[in-house]
Amino acid sequence: MTEAPPLQLLVGPPDHGVVGYAADVAAALYELDERTTTVAVPAIDDALAAVADAPRTHLHVTDRLFGASPEEAADNLEQIGVRTALTLTVHDLPQTSDGAMFSRRTAAYTRFFAAARAVTVNSEHEQRLTAEFLPQVGVPHVIPLGARVDRVRTGRRELEAEGTDARDLRVLIAGYIYPGKGHANAIRAVADAAEILSARGERVGEIVVRAIGGPSAGHGGDLALLRAEAERRRVRFEVTGLLEEECFVRQLVQAGIPLAAHEHVSASRSMLDWVEVGRRPLVVSSRYAQEMAALRPGTLALYDPEDLPRRVAEAWLRPELTSLASGTGLSPSLVDVAERYRLWWAGLVHR
């Protein structure tokens with residue numbers, strides 16, 4: 001009999017994207033092997049006690065969950081690593097877009113890798129980021145993000161209108177609000193798209209950007225800047241705030257044009273949020289987005305940044321473009337991914 005999976009330790013608030021995904025993987029692992037044990041702790045201070053009796057532990061890691069600074073996060077990971085045989089799924093790898101934090105995050109992530117017996121990332125793009133910016137740590141394994149197929153509502157269908165006028169030009173962005181996520185780009189693009197449509201004789205109703213989510217920690221002030229830009233461009237900027245799962249999914253299937261416009265992404269759960277409910281989002285082309293479009297053909301509509309207004313106008317004219325075609329596959333699912341983790345851990349046990 002194969003060994004049970006390592007302890008699945010979830011560190012941080014359950015509404016954080018990395019923590020939520022770790023919980024999804026742990027639940028899928030339990031479907032495959034009821035010996036799977038999961039422990040959730042609210043903060044890093046509780047993690048050391050949680051691993052006290054665990055010979056093997058797996059963590060999904062981003063520096064912001066494990067300390068107030070990259071250095072503190074690395075200190076904490078090292079303390080866990082000396083108490084249990086640690087494997088990691090590393091998220092949010094350092095990139096030059098980190099600006100002044102880049103060198104500090106690079107140093108911290110180098111220590112993350114050193115604290116673990118083995119590391120996996122969620123994309124070949126991230127594997128390449130490791131080679132580019134963390135060349136001394138070796139080559140991590142790749143296990144892509146898994147889709148929650150129980151959420152899937154595939155096939156062209158009428159979107160839920162909830163009182164909206166079909167003439168309204170509405171762009172939807174899911175997830176936290178922070179600089180670089182694409183809300184400012186969306187505001188400018190939807191205003192320009194309205195001008196394109198008006199020039200073609202189309203009657204456009206309200207012009208709206210709806211943020212399905214709220215500001216990430218420390219970025220509440222960004223809302224004022226976005227609202228000012230929206231007012232200047234005569235765009236209504238709506239913010240739902242953080243939502244429970246049922247309300248979040250309902251927002252994803254509202255009439256509007258789904259958009260994932262963050263350019264400096266290492267791996268993105270929000271792209272999967274859209275396709276899991278049967279939407280086909282506009283996604284800014286990047287190395288990661290191209291990889292995901294190839295992994296799940298037909299699920300993403302890639303665009304070049306300068307072409308966004310035209311693509312928004314096209315999606316308004318042809319709303320069927322914003323839904324997945326019937327029969328579009330979303331594999332690998334979470335269960336597929338859980339099986340890949342089991343095979344990876346089994347290889348480490350026998351190494």
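R111 and E78 form a salt bridge, with their closest N and O atoms 2.8 Å apart. R111 belongs to helix α5 and E78 to helix α4, so this pair ties together parts that lie 33 residues apart in sequence. R111 is partly exposed, at 26% relative accessibility. E78 is also partly exposed, at 31%. The model described here is predicted.

**Helix α5**

Helix α5 covers residues 102–115.

Which residues of α5 are buried? They are R105, T106, A108, Y109, T110, F112, F113 and A115. Buried here means under 20% relative accessible area.

**Salt bridges**

Side chains of opposite charge can pair when their charged atoms come close. How many salt bridges does the structure hold? The count is 25. Three of them are set out below.

| Pair | Closest N and O atoms |
|---|---|
| E339 and R342 | 3.1 Å |
| R64 and D63 | 3.3 Å |

Take R64 and D63. Is each partner buried or exposed? R64 is exposed, with a relative accessible area of 55%. D63 is buried, with a relative accessible area of 4%. Since exposed means over 50%, R64 at 55% qualifies.

E339 and R342 share helix α13, which runs over residues 334–349. They are three residues apart there, so about one helical turn separates them. An α-helix has 3.6 residues a turn, so residues three or four places apart point the same way. Both partners are partly exposed: E339 has a relative accessible area of 29%, and R342 has 26%.

**A network**

Which residues are linked in a network of salt bridges? They are D24, R148, R269, D273 and E276.

Notes: Residues are numbered from 1 along each chain as its sequence is written. This is a predicted model: local features need pLDDT of at least 70, side-chain atom pairs count only at pLDDT 80 or more; totals for chains, interfaces and linings use all residues. Side-chain values use heavy atoms; hydrogens and water are left out. Helices (H or I, at least four residues) and strands (E, at least two) are DSSP runs, numbered from the N terminus. The expected span of a helix is 1.5 Å times one less than its number of residues. Buried means under 20% relative accessible area, exposed over 50%, partly exposed in between (1.4 Å probe, protein chains only). A salt bridge is a side-chain nitrogen of Lys or Arg within 4 Å of a carboxyl oxygen of Asp or Glu.
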